[in-house]
Amino acid sequence: MTGIVLAAMSRTPDPRLREIMASLVKHLHAFLREARPTEEEFETGLDFLLRVGKASGAQKNEMILLSDLLGLSTLVIMINNARGAGETDPALLGPFYRAQSPMCAPGESISRDARGGEPLAMAGRVTDLGGNPVAGAIVDVWQASPVGLYENQDPEQPDHNLRGRFETNADGRFHFRSVRPTGYPVPTDGPCGELLRAQDRHPYRPAHIHFMFSKEGYKTLVTQVFVNDDNCIAADVVFGATTALSGNFERLPDGTSRLEFGFVMQPGKRRLPRAPIP
Ligand SMILES: [Fe+2]
């Protein structure tokens, strides 16, 4: 059976599409031979995927969430990002990234909600593999609110709350103000939530801030910095947290938290990801 299907696809003109589809069919057939689903189970699986598609829309991308929960997103990052040269670990883009968030002045606050939160001052520096500053890089920052929702999930928050873009100065430095991030559950109101419950898995991500660094001549760095004392840091539901990405969110006597973090970019291609939802 597998050979017949592979033969039927063998004239695919695009060689890469031919290679990817042949591999996918071989592995899917092997999966069916191993798991031996009943016809009823197979229908349930197809219905699940159909519902994942239908649950995606302007508020969320359930397909990316499924890919995250199965470890696929992190595995693709590991395959595509060579490690060990000193560059910062990459991490998931996540389903709540928005393109074209507001350009901000150095030190500006990205907290646009009067309800605020525990104040945070973040200072970062971007260098290349040789330790030289990367000036003029665009730093895209986004995070969930203190109630654990991104602004595009939450009609109560102002547009672009807790999102902003900064530019590194001649010394590769940037800084901004925000609120201390909180851990949050991934959305559990759709088929992915059903799956987590069926697998007796918790839905939580450790508190983090998303960062994306881009500049011509450098590989775009998509990463996250995690609050190092978060209980979930060793059990991130989407397998994204690493020790190297743990940040010390130090609480100062005046109640402000302070985070300093260094990021290292490697040479490569600048590529901006497609926003998962508009
Ligand atoms: Fe996130």
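Analyst: A salt bridge is a side-chain nitrogen of Lys or Arg within 4 Å of a carboxyl oxygen of Asp or Glu. Side chains of opposite charge can pair when their charged atoms come close. The model here is predicted, with local features needing pLDDT of at least 70 and side-chain atom pairs counting only at pLDDT 80 or more, while totals for chains, interfaces and linings use all residues. Residues are numbered from 1 along each chain as its sequence is written, and side-chain values use heavy atoms, with hydrogens and water left out.

User: How many salt bridges does the structure hold?

Analyst: There are 16. One of them brings together the side chains of R115 and D113, with N and O 2.7 Å apart.

User: Are R115 and D113 buried or exposed?

Analyst: Buried means under 20% relative accessible area, exposed over 50%, and partly exposed in between (1.4 Å probe, protein chains only). R115 has 54% relative accessibility and so counts as exposed. D113, at 15%, is buried.

User: Which parts of the chain are linked by the pair K60 and D189?

Analyst: The side chains of K60 and D189 meet in a salt bridge of 2.8 Å, N to O. K60 is in the loop between α3 and α4 (62–69), and D189 is in the loop between β5 (184–185) and α6 (191–198), 129 residues apart. K60 counts as buried, with 13% relative accessibility, whereas D189 is exposed at 65%.

User: Which residues are linked in a network of salt bridges?

Analyst: R98, E151, D159 and R163 are linked in this way.

User: Now the metal. Which residues coordinate the iron ion?

Analyst: Donors are N, O and S atoms within 2.8 Å of the metal (3.2 Å for Na, K and Ca); water is not among the atoms, so sites may look incomplete. Here the iron ion is coordinated by Y150 (OH), Y184 (OH), H208 (NE2) and H210 (NE2), at 1.9 to 2.1 Å. Y150 is in the loop between β2 (138–142) and β3 (163–167) and H208 is in strand β7 (residues 208–214), 58 residues apart, which links distant parts of the chain. Y150 and H208 are buried. The spacing of the donor residues in sequence is Y-x33-Y-x23-H-x1-H.

User: Why is the arrangement irregular?

Analyst: Four donors count as tetrahedral if all angles lie between 85 and 135 degrees; four count as square planar and six as octahedral if opposite donors are over 155 degrees apart and all others between 65 and 115; anything else is irregular. The four donor atoms around the iron ion subtend angles of 90 to 165°, so their arrangement is irregular.

User: In what order do the four strands of the open sheet run?

Analyst: Two strands pair if DSSP finds at least two bridges between them. The order is β4-β1-β11-β10, with mixed pairing. β4 (173–179) and β10 (250–251) are at the edges with a single partner strand each, so one side of each has no neighbour in the sheet. β10 is joined by two bridges to β11 (residues 257–264), and these strands run antiparallel. R251 has S257 in β11 as its bridge partner.
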